[in-house]
Amino acid sequence: MKAYMTNGTIDYLLKIEEKYKAIDFFFITSSEGAIAFYEGTNEKVFASGREFDVLKSIGNIQEHGYVIMNHIPVSEDSHATFEYRMKHSSNGVENMPGFQAMRLWKQTESNMYVVFTQWTSKDDFNNWKQSDHFKQAHKDQQAKKPSYIMERPFIITGTMYEEDN
């Protein structure tokens, strides 16, 4: 399965949705601006978007919620190791109150991976971070970044866009 993502103003991105009514778009707003994305089709509609392979999928992305996208650049020779660890990890996140969805996306023609998680609220995400499940899942992380991480990962947080009624 594929996923596609682009950035822009929310007004511009909503116009794309009007043009492609057959595609189920999702919109995120953050301090960085707005993001539009969709999954499940091979139709590319973004002129300057990013294409991803969906490597892991848990739950269904909802139209409402709090989103965390952890961008992790991984060296090419470590893709297989990283993907194996991420695909086979079981950290209990799907059983946490407020959890909605998780995706592991691999950007095509790039070394960037995105771990996308969606929660009912920011408080639910923060409760996950304080949980024993989170501590267990991240216990092997060292102060030093793993050798397969090429540069500093970065996180984008935001909320699913909700139109005013």
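Predicted model: local features only at pLDDT ≥ 70, side-chain atom pairs only at ≥ 80, totals over all residues.
**A buried aspartate and its surroundings**

A salt bridge is a side-chain nitrogen of Lys or Arg within 4 Å of a carboxyl oxygen of Asp or Glu.

Residues are numbered from 1 along each chain as its sequence is written, and side-chain values use heavy atoms, with hydrogens and water left out.

So where does Asp 124 sit? It lies in helix H3, residues 122-129. Leaving aside residues up to four places away in sequence, Asp 124 touches Pro 97, Gly 98 and Trp 119; a contact means heavy atoms within 4.5 Å.

Now step back to the whole chain. There are four helices and eight strands, where helices (H or I, at least four residues) and strands (E, at least two) are DSSP runs numbered from the N terminus. Of the 165 residues, 44% count as buried. Among contacts with a separation of 6 or more, 76% come from residues 24 or more positions apart. The chain exposes about 9,900 Å², with carbon and sulfur atoms supplying 44% of it; accessible areas come from the Shrake-Rupley method with a 1.4 Å probe, and for residues, only the protein chains shown count as cover.

Next, have a look at helix H1, residues 10-19, whose buried residues are Ile 10, Leu 13, Leu 14 and Ile 16. Seen down the axis of H1, these fall within an arc of 150°, so they line one face of the helix. (That arc is taken from the directions from the helix axis to the C-beta atoms.) An α-helix has 3.6 residues a turn, so residues three or four places apart point the same way. The cover over the buried residues of H1 includes S1, strand S2 (26-30) and S3. On the face turned away from that buried side you'll find the exposed residues Asp 11, Lys 15, Glu 18 and Lys 19.

Back to charges. Side chains of opposite charge can pair when their charged atoms come close. A search of the whole structure finds four salt bridges. One of them joins Lys 2 to Asp 53, with the closest N and O atoms 2.6 Å apart. This pair links distant parts of the chain, since Lys 2 is in strand S1 (residues 2-8) and Asp 53 is in strand S4 (residues 50-59), 51 residues apart. Lys 2 is buried at 18% relative accessible area, whereas Asp 53 is partly exposed at 26%.

Another salt bridge runs between Lys 44 and Glu 51, at 2.9 Å between the closest N and O atoms. Lys 44 is exposed, with 57% relative accessibility, but Glu 51 is buried at 16%. Salt bridges that share partners join Lys 2, Lys 44, Glu 51 and Asp 53 into one network.

Finally, Arg 103 and Glu 39 meet in a salt bridge of 2.9 Å, N to O. Arg 103 lies in strand S6 (residues 99-107) and Glu 39 in strand S3 (residues 33-39), so the pair ties together parts 64 residues apart in sequence. Arg 103 is buried, with a relative accessible area of 5%.

Note on methods. Buried < 20%, exposed > 50% of the residue type's maximum accessible area, 1.4 Å probe, protein only.
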